[in-house]
Amino acid sequence: MTMTELNATQTSGSPHRTLDLTLKIWRQAGPDAPGALETVDAPGISTEMSFLEMLDVVNERMVNAGEEPIAFDSDCREGICGMCSLMINGQPHGPEKGTATCQLHMRSFSNGDTITVEPWRSAAFPLVKDLVVDRSAFDRIIEAGGYISVSTGSAPDANEIPVPKVVSDTAFDAAACIGCGACVAACPNGAAQLFTAAKVAHLNLLPQGEPQRYARVEAMVDTMDGLFGSCSNHRECEAACPKEISVDFIALMNKDYLRAKFKNRRYVSRKP
Ligand code: SF4
Ligand code: FES
């Protein structure tokens, strides 16, 4: 029994069901190497394991057999960091609504299942290795405007900056975006509208973000447009998002962007 299998047994505290699975996993040695789905048998997988723990077990077995383990990303393993970006049976983050890959448990699958695991497929997220993609295109959008210029100093006294509860709740909903990229992977156009809208909204809705409201939205949307596809309202992004970010934020972003195009206009001299 591997360490991961032992931990799963100890945390459950009771005998639990196991699954015999067949994995079809995308293997690709590097960005320019040919890739293909590789069939890997995964017998005796506990239903108590998370999807990533299942991959850990498979990797431990592969290492013990002298094989190259599967490269995949993860960090927090509690739905916060957005690293665990996997296409599972053709769905970003797998079959459970509002659930990141690291929070998906093997009890969502049945004994004898074949599970296909692939990386995000988007031109803006080039493949690094196996299931790992480069999502730094998101960083370019954040760099364009995902900050505030005002000095926030130390923690202010309560009520010093009154913010209506509905506004702070909405900003918090937007701030729940973990930057995983499922919205882009799910979109037939490879658009990043939902991610960008969430990042714009969580700053633009609050007083601290107000001074750069229109500069921010224009810079972030223009950067997004240069890197990703265009939105045509399929709403696949909203359905795939593990944080259930609403497409309403896209409407808010579009409204601010339109205003920004007037407010940020520079008056050019017409003199010859
Ligand atoms: S909007 Fe949702 S799917 Fe897109 S990056 Fe943020 S959390 Fe992930
Ligand atoms: S590993 Fe951090 S969100 Fe899944």
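Predicted model: local features only at pLDDT ≥ 70, side-chain atom pairs only at ≥ 80, totals over all residues.

Reader: How many helices and strands does the chain have?

Author: The chain has nine helices and seven strands. Its C-alpha trace spans about 75 × 50 × 30 Å along the principal axes. Of the 272 residues in the chain, 38% are buried. Among contacts with a separation of 6 or more, 73% join residues 24 or more positions apart.

Reader: Which residues are the closest to ligand 1?

Author: The closest are Cys177, Cys180, Ala182, Cys183 and Cys241, in a shell of 16 residues. Two elements, α5 (182-186) and α6 (193-204), each give two or more residues to this shell. The largest share, three residues, is that of α6. By class, the shell holds 12 nonpolar residues, three polar and one charged.

Reader: Let us then take α6. How does one judge the length of a helix?

Author: One compares its span with the span expected at 1.5 Å a residue. In α6, which has 12 residues, the distance from the first C-alpha to the last is 16 Å, close to the expected 16 Å.

Reader: Is α6 mostly covered or mostly exposed?

Author: An α-helix has 3.6 residues a turn, so residues three or four places apart point the same way. In this case α6 is mostly covered, with 12 of its 12 residues buried. Among them are Leu194, Phe195, Lys199 and His202.

Reader: Against which elements do the buried residues of α6 pack?

Author: They pack against α3 (136-145), α4 (165-175), α5, α7 (213-227), α8 (236-240) and α9 (248-263).

Reader: Why does Ala197 count as buried?

Author: A residue is called buried if 20 or more other C-beta atoms lie within 10 Å of its own. Ala197 has 32 C-beta neighbours inside 10 Å, and it therefore counts as buried. This residue has its place in helix α6. Leaving aside residues up to four places away in sequence, Ala197 touches Phe249, Ile250, Leu252 and Met253. By contrast, a C-alpha to C-alpha distance of 34 Å separates Ala197 from Met49, and the two are 148 residues apart in sequence.

Reader: How should I describe the way in which two helices pack, for instance α6 and α9? At what angle do their axes cross?

Author: One reads the angle between the axes together with their distance. The axes of α6 and α9 cross at roughly 70° and come within 8 Å. That angle makes α6 roughly perpendicular to α9. On the side of α6 the residues that meet α9 include Gln193, Ala197 and Ala201, and on the side of α9 they include Phe249, Met253 and Asp256. The contact of α6 with α9 comprises nine nonpolar, three polar and one charged residues.

Reader: What is the angle between α6 and α7?

Author: These helices pack at about 170°, and their axes are 10 Å apart. Angles over 145 degrees count as roughly antiparallel, and α6 and α7 are therefore roughly antiparallel to each other. From α6 the contact uses Thr196, Lys199, Val200, Leu203 and Asn204, while α7 contributes Arg213, Arg216, Val217, Met220, Val221 and Met224. In this contact there are six nonpolar, two polar and three charged residues.

Note on methods: Residues numbered from 1 in each chain as written. Chains lettered and ligands numbered in written order. Helix = DSSP H or I, 4+ residues; strand = E, 2+ residues; numbered from the N terminus. Contact = placed C-beta atoms within 7 Å. Near = placed C-beta within 6 Å. Nonpolar A, V, L, I, M, F, W, Y, C, P; charged D, E, K, R; others polar. Expected span 1.5 Å × (residues − 1). Axes fitted to C-alpha atoms, helices over the stretch in contact; angles between N-to-C directions. Parallel < 35°, antiparallel > 145°, perpendicular 65-115°, else oblique.
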